Amino acid sequence: HCGLRCGDVLTAPRRAVPEVVVTEKTFAAITPSGGVIAWGEPEAPGSSTSAVAEQLQNVIEITPSDSSFAALKEDGSVVCWGANEAEPNEKKQVLRVFAASEAFAALCCDGSVYCWGDPHRGGDMRGQAEQLQSEVEHIFATGSAFCALKASTPSGRGAVVAWGDVLQGGRTPQGLEGVRHVYSTRGGAFAAVKEDGEVVTWGSSVDGGDSSR
């Protein structure tokens with residue numbers, strides 16, 4: 001017997017629960033001090049942070065792709081490790097990082113976007129770079145494409161800009177504006193909800209890109 005009576009209240013000691021993120025075969029978590037620990041299949045990309053350990057300080061968020069991690073630090077810089085260890089070329093202050101299967105896209109504090117990773121799966125946005133220099137509010141992803149929702153454009157609110165694998169949503173439907181929110185499937189489709197309630201879909205038809213079915 002532990003001496004408890006009906007109605008007694010137990011208070012458990014509070015312990016910080018780390019946020020754990022995963023790739024296909026590895027895990028990563030932020031420590032209470034702002035560092036990072038990673039583990040998983042020993043030969044899998046991302047299971048060790050040894051190559052970037054000194055840089056992984058003051059981390060506030062980790063974003064995983066299928067085989068890499070991108071850590072966002074308090075100062076707005078990004079550190080990567082795993083299959084895609086290439087450091088982003090841009091040095092802008094980043095607000096948040098988003099991931100497709102093998103590519104990352106960073107939303108910067110000034111509303112611009114830059115990306116890196118597999119150029120065929122969203123890591124190359126050069127064809128839409130001009131449209132992604134400002135006013136981006138949020139980024140959505142399928143497995144191989146990204147879609148940026150813009151706050152405003154010269155012709156109205158809620159334009160979207162997509163890039164990546166065309167078959168998985170990397171081509172923006174012509175004339176699509178007035179978008180309130182975007183949803184995505186990992187398989188390769190986007191669905192944009194417009195301010196008037198209309199839903200516009202594009203990308204892989206078998207993964208939700210054809211709403212006429």
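Predicted model: local features only at pLDDT ≥ 70, side-chain atom pairs only at ≥ 80, totals over all residues.

Val20, Val22, Phe27, Ile37 and Trp39 make a nonpolar surface patch of about 430 Å². Two strands each supply at least two residues of this patch: strand 1, which covers 20-22, and strand 3, which covers 36-40.

Valine 20 is one of the patch members, and its place is in strand 1. With a relative accessibility of 41%, valine 20 counts as partly exposed.

Next up is threonine 26, found in strand 2, which runs over residues 26-30.

What does its side chain make a polar contact with? The partner is the side chain of threonine 23, at 2.4 Å. Leaving aside neighbours within four places in sequence, threonine 26 is also in contact with Val21, Trp39, Gly40, Glu41, Ala44, Pro45, Gly46, Ser47 and Phe69. Trp39, by the way, is also part of the nonpolar patch.

## Serine 101, in a loop

Last stop: serine 101 sits in the loop that links strand 7 (94-99) and strand 8 (103-108). Is serine 101 buried or exposed? At a relative accessible area of 8%, serine 101 is buried.

A polar atom of the serine 101 side chain lies 2.6 Å from the backbone oxygen of glycine 143. Not counting residues up to four places away in sequence, serine 101 touches Ser65, Asp66, Ser67, Arg121, Thr142, Gly143, Ser144 and Arg186.

Conventions:
Residues numbered from 1 in each chain as written. Heavy atoms only, no water. Patch = residues over 30% accessible without salt bridge, like charges linked within 9 Å, V, L, I, M, F, W, Y side chains within 5 Å. Areas by Shrake-Rupley, 256 points an atom, 1.4 Å probe, with all protein chains shown as cover. Salt bridge = Lys/Arg side-chain N within 4 Å of Asp/Glu carboxyl O. Helix = DSSP H or I, 4+ residues; strand = E, 2+ residues; numbered from the N terminus. Buried < 20%, exposed > 50% of the residue type's maximum accessible area, 1.4 Å probe, protein only. Polar contact = N/O pair within 3.5 Å; in protein donor to acceptor, adjacent residues only side chain to side chain. Contact = heavy atoms within 4.5 Å.
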